[in-house]
Amino acid sequence: MSQDSETTLVGTSALIERLLKGQFICRITDEDGWRALKNPDTRERVETYLNQINRTIGSASEGEVFFCGYQQLGDRERKVISSQFKDICNALIPLVEWLVLVQEGSGQDAPLSEGVAVRLTELQTRIEDTPAFREQLAKISHYRLFGSTSSNVDAQIKLVFKRLVELGYLTKPNAEKQIFIATGKLDYLYEVIRFIDETEGLSLEAQAETVTQRDLI
């Protein structure tokens, strides 16, 4: 086996591991992995491996975000995706309220999306100077998703952003700077929200199964 082939296999293996851990691959979170999955040959190799364990490559945001889904749904798989979907639904309200706060606090015309930077210090200053924003942040930070018990704006906002990095919605490229970049998982979230809106008459279980068939989970 050539050195190039070995390098390709090692790179593909690491990419598969990330997908199986439930990570979302986009240009921001893993540009090398994202480029690999945009390549038809590499994507086919990854897909072939995943198919052996009843998994498949899912995509969102018109093929700009990749993740791992189930190839076929049995009872076990339905239980897993139903649980995952409920977790997403439970997190929607705090996430949407946070997105609104960031958009309003930053004075942006459009919602936060992949690749957009949020400067924490600037946003915090605007929140501290605006009573309505302070109230919004306090409410958001005390949701179970974030779990803040503080009444201090600095502690609240830093906990919220730390948690969003852990959840994969933001990344912090430079540990020394309070600048966060939105990932493709946010664009995936918008598609889930649109889907829920379109299928509001269905039960959560039915939504979870349908959304899986539409390549979102």
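The mean pLDDT of the protein is 87, and 87% of the residues reach at least 70. Residues 1–10 have a pLDDT below 50, and this stretch makes 3 contacts in the model beyond near neighbours in sequence. Where pLDDT is low, predicted coordinates should not be read in detail.

Three strands form an open sheet in the order β3-β5-β4, and the pairing is antiparallel. Strands β3 (117–119) and β4 (170–171) lie at the edges, each pairing on one side only. Between β3 and β5 (residues 179–182), the antiparallel pairing extends over 3 bridges. Within this part of the sheet, Ala117 is placed opposite Ile181 of β5. Helix α5, which spans residues 120–129, packs on the sheet and touches both β3 and β5. The direction of α5 makes about 55° with that of β3.

A helix–helix packing is found between α4 (residues 75–106) and α8 (residues 184–198), whose axes are 11 Å apart and meet at an angle of about 110°. Because angles of 65 to 115 degrees count as roughly perpendicular, α4 is classed as roughly perpendicular to α8. On the α4 side, the contact is made by Phe85, Ile88, Cys89, Leu92, Leu95, Val96 and Leu99. Helix α8 contributes Leu186, Tyr188, Leu189, Tyr190, Val192, Ile193, Phe195 and Ile196. By residue class, the contact of α4 with α8 comprises 15 nonpolar residues, with no polar and no charged ones.

Technical notes
Residues numbered from 1 in each chain as written. Predicted model: local features only at pLDDT ≥ 70, side-chain atom pairs only at ≥ 80, totals over all residues. Heavy atoms only, no water. Pairing = 2+ DSSP bridges. Helix = DSSP H or I, 4+ residues; strand = E, 2+ residues; numbered from the N terminus. Contact = heavy atoms within 4.5 Å. Axes fitted to C-alpha atoms, helices over the stretch in contact; angles between N-to-C directions. Parallel < 35°, antiparallel > 145°, perpendicular 65-115°, else oblique. Nonpolar A, V, L, I, M, F, W, Y, C, P; charged D, E, K, R; others polar. pLDDT = per-residue confidence, 0-100.
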